[in-house]
Amino acid sequence: MEELIVQGNDEPMPHPRTMPGWVEVIAGAMFSGKSEELIRRLRRANIARQKVQVFKPEVDSRYSNDHIVSHSEMRHESSKIRTAAELLATIDPDTEVVGIDEGQFFDNALVDVANQLAQRGVRVIIAGLDQDYTGKPWEPMPQLLAIAEYITKTHAICMKCGQPANYSQRIFESEERVAVGAVGMYEARCRRCFVPHADAPTVHSS
Ligand SMILES: [Zn+2]
């Protein structure tokens with residue numbers, strides 16, 4: 001019988017991952033429960049004693065610096081990072097689940113990073129706004145939706161008419177696309193009640 005021994009390799013084998021990972025995206029308007037849904041999934045992974053790492057972008061400092069927090073005050077520990085490359089460099093080799101909140105604030109390299117992690121066997125869960133306050137798809141979320149195995153589209157309730165809401169209406173003056181908002185600055189609106197520029201400047205910062 002032949003012996004299958006690899007010679008000259010005294011490095012430990014990497015943790016074998018027999019199954020590929022996958023990418024899950026939770027996308028929708030503000031107040032649609034994206035962070036809540038992300039935290040729910042992360043908690044179940046925690047309960048199963050899976051190794052979980054959670055990230056949020058530097059720009060999002062509302063409520064907490066070291067937690068992701070939903071509007072309903074659910075929270076989960078997280079690390080703040082600036083770029084997708086920094087995220088990739090921060091992943092431990094034995095991490096099984098990676099959670100990312102506010103995916104729309106990341107650079108486009110997040111798409112490649114998500115693919116790489118999934119290829120390695122990691123379950124990647126990304127929550128984010130899929131459109132900005134003018135109703136434009138917000139990169140990199142559209143690309144993440146394209147590469148994801150699983151997509152959950154969350155809906156808020158239109159604050160004008162009560163229909164399912166897919167848009168975030170800005171109700172204050174600002175020229176910044178990245179203003180991180182809360183109640184009183186944005187309203188969830190349905191397609192009929194959403195007015196892209198009625199209450200907001202049309203200047204687009206990029
Ligand atoms: Zn409406």
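I count two residues as in contact if their C-beta atoms, placed from the backbone, lie within 7 Å. With that rule I looked up Ile 126 and, leaving aside neighbours within four places in sequence, found it in contact with Val 25, Ile 100, Gly 103, Ala 114 and Leu 144.

**Entry: ground rules.** I number residues from 1 along each chain as its sequence is written. The model is predicted, so I take local features only at pLDDT of at least 70 and side-chain atom pairs only at pLDDT 80 or more, while totals for chains, interfaces and linings use all residues.

**Entry: confidence.** I read pLDDT as the predictor's confidence in each residue, from 0 to 100. The chain averages 85, and 80% of the residues score at least 70. Over residues 1-15 the pLDDT is below 50, and this stretch has three contacts in the model beyond near neighbours in sequence. Residues 201-206 also have a pLDDT below 50, with eight contacts beyond near neighbours in sequence.

**Entry: overall make-up.** I took helices (H or I, at least four residues) and strands (E, at least two) as DSSP runs, numbered from the N terminus. The chain has four helices and 12 strands. For burial I call a residue buried if 20 or more other C-beta atoms lie within 10 Å of its own, exposed if 12 or fewer, and partly exposed in between, with C-beta atoms placed from the backbone. Buried residues make up 37% of the 206 residues. Of the contacts between residues at least 6 apart in sequence, 75% join residues at least 24 apart.

Entry: I treat two strands as paired if DSSP finds at least two bridges between them. Six strands form an open sheet with parallel pairing, in the order β5-β2-β6-β7-β1-β8. At the edges stand β5 (79-81) and β8 (150-154); each has a single partner strand, so one side of each is left without a neighbour in the sheet. The twist averages 20° from one strand to the next. Glu 24 has Ile 125 in β7 as its bridge partner.

**Entry: helices on the sheet.** For angles I use axes that are lines fitted to C-alpha atoms, for helices over the stretch in contact, and the angles run from 0 to 180 degrees between N-to-C directions. Helix α1 (residues 34-47) lies across β1, β2, β6 (97-100), β7 and β8, at about 165° to β7. Helix α3 (residues 109-119) lies across β1, β6 and β7, at about 155° to β7.

Entry: Which residues of α3 are buried? They are Leu 110, Val 111, Val 113, Ala 114, Leu 117 and Ala 118. They cover an arc of only 165° around the axis, which puts them on the same side of α3; the arc is that of the directions from the helix axis to the C-beta atoms. Their cover includes β1, α2 (84-90), β6, β7 and α4 (141-147). A nonpolar core here is a set of buried Ala, Val, Leu, Ile, Met, Phe, Trp, Tyr and Cys residues joined through C-beta atoms within 7 Å. The largest has 45 residues, and those with the most contacts inside it are Ala 114, Val 124, Ile 126 and Leu 144. α3 gives the most to this core, with six residues.

**Entry: Val 54.** Val 54 lies in strand β2 (residues 52-57). I list Val 54 as buried because 20 other C-beta atoms lie within 10 Å. Not counting residues up to four places away in sequence, Val 54 touches Leu 42, Ile 68, His 76, Glu 77, Ser 78 and Gly 99. The C-alpha atoms of Val 54 and Ser 78 are separated by 4.7 Å, although the two residues are 24 apart along the chain.

Entry: Most residues other than glycine have a negative phi, and most peptide bonds are trans. Arg 49, in the loop between α1 and β2, has a positive phi of about 60°. Is Arg 49 buried or exposed? Arg 49 counts as exposed, with 8 C-beta neighbours inside 10 Å. Glu 102, in the loop between β6 and α3, has a positive phi of about 55°, and Glu 102 is buried with 22 other C-beta atoms within 10 Å. The peptide bond from Glu 139 to Pro 140 is cis, with omega near 5°, and Pro 140 sits in the loop between β7 and α4.
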